[in-house]
Amino acid sequence: QTNLFLATENKLRAILISDFPRILSLEIHKNIFEKTIDLEIVERKEAGIFCRDECYYIDKDGVIFEKAPQTSGTLILTIKDNSEKEVEMGKNVINKEFMAELIDLREDLLNHLGLKVIDFIIETDVLKDLKVDTNEGWYILFDRARDLRSQLQALILVLEEKIKEGRKNLEYVDLRIENRV
């Protein structure tokens, strides 16, 4: 609108955040005397790429906010979701805590085992399986319903004590059953 008085901050905020999902936070300052509106915008930062039928940038809170190119490799965290949940721009597709666990798991696999993650694959919401494709050509199966850190510790022990030299011959490691690898 052309009238500064009619541009309410709440309405303007709602419109901008709806139209621009990249906006994380927005401060609006109106100056009636100078007839100006100043916006202080903090943008979402990419933590990775989330793919279902299409790919989107996802932030550390699990919110998708912009279309992204489909990618492969180990440079950026990539999550492929095979579940049936609705995907809406500007909304959470992964809860914040699980997103933090994926970021930490990716870093821990590299730091403790020298493994680079190609992608995380969320199979379904029912099964709670998480498949992690590695740069060595084999994959790891985690149970999302259980603590990922304890499963990672089991993986570290098995790879360091039982499969020292044979990692190149692995097809997969299944950590989904508690106390078994």
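How do α2 and α3 lie relative to each other, and why? The legends below take up this question in a predicted model.

**View 1. Packing of helix α2 (residues 96–113) against helix α3 (residues 148–161).** The axes of the two helices come within 11 Å and cross at roughly 15°; because angles under 35 degrees count as roughly parallel, α2 and α3 are therefore roughly parallel to each other. In this arrangement α2 passes α3 in a right-handed crossing.

**View 2. Residues in the contact of α2 with α3.** On the α2 side the contact is made by Phe98, Glu101, Asp104, Leu105, Asp108, Leu109, His112 and Leu113, while α3 contributes Leu148, Arg149, Leu152, Leu155, Ile156, Leu159 and Glu160. Sorted by class, the contact has nine nonpolar, one polar and five charged residues.

**View 3. The largest nonpolar core, with 31 residues.** The residues with the most contacts inside this core are Ile79, Ile94, Leu109, Phe120, Leu130, Ile140 and Leu155. Two or more residues each are given to the core by β4 (55–58), α2, β7 (117–122), β8 (129–134), β9 (139–143) and α3, and the largest share, six residues, comes from α2.

**View 4. Surroundings of Leu109.** When residues up to four places away in sequence are not counted, Leu109 touches Gly114, Leu115, Val117, Val132, Ile140, Leu152 and Leu155. Among these, Ile140 and Leu155 are, like Leu109, listed with the most contacts inside the largest nonpolar core, and Leu152 and Leu155 belong to the α3 side of the helix contact.

**View 5. A second, separate core of six residues.** This core includes Ile49, Cys55, Phe65 and Ala68.

Note on methods: Residues numbered from 1 in each chain as written. Predicted model: local features only at pLDDT ≥ 70, side-chain atom pairs only at ≥ 80, totals over all residues. Heavy atoms only, no water. Axes fitted to C-alpha atoms, helices over the stretch in contact; angles between N-to-C directions. Helix = DSSP H or I, 4+ residues; strand = E, 2+ residues; numbered from the N terminus. Parallel < 35°, antiparallel > 145°, perpendicular 65-115°, else oblique. Left-handed = near helix turned anticlockwise from the far one by under 90°. Contact = heavy atoms within 4.5 Å. Nonpolar A, V, L, I, M, F, W, Y, C, P; charged D, E, K, R; others polar. Core = buried A, V, L, I, M, F, W, Y, C linked by side-chain atoms within 4.5 Å. Buried < 20%, exposed > 50% of the residue type's maximum accessible area, 1.4 Å probe, protein only.
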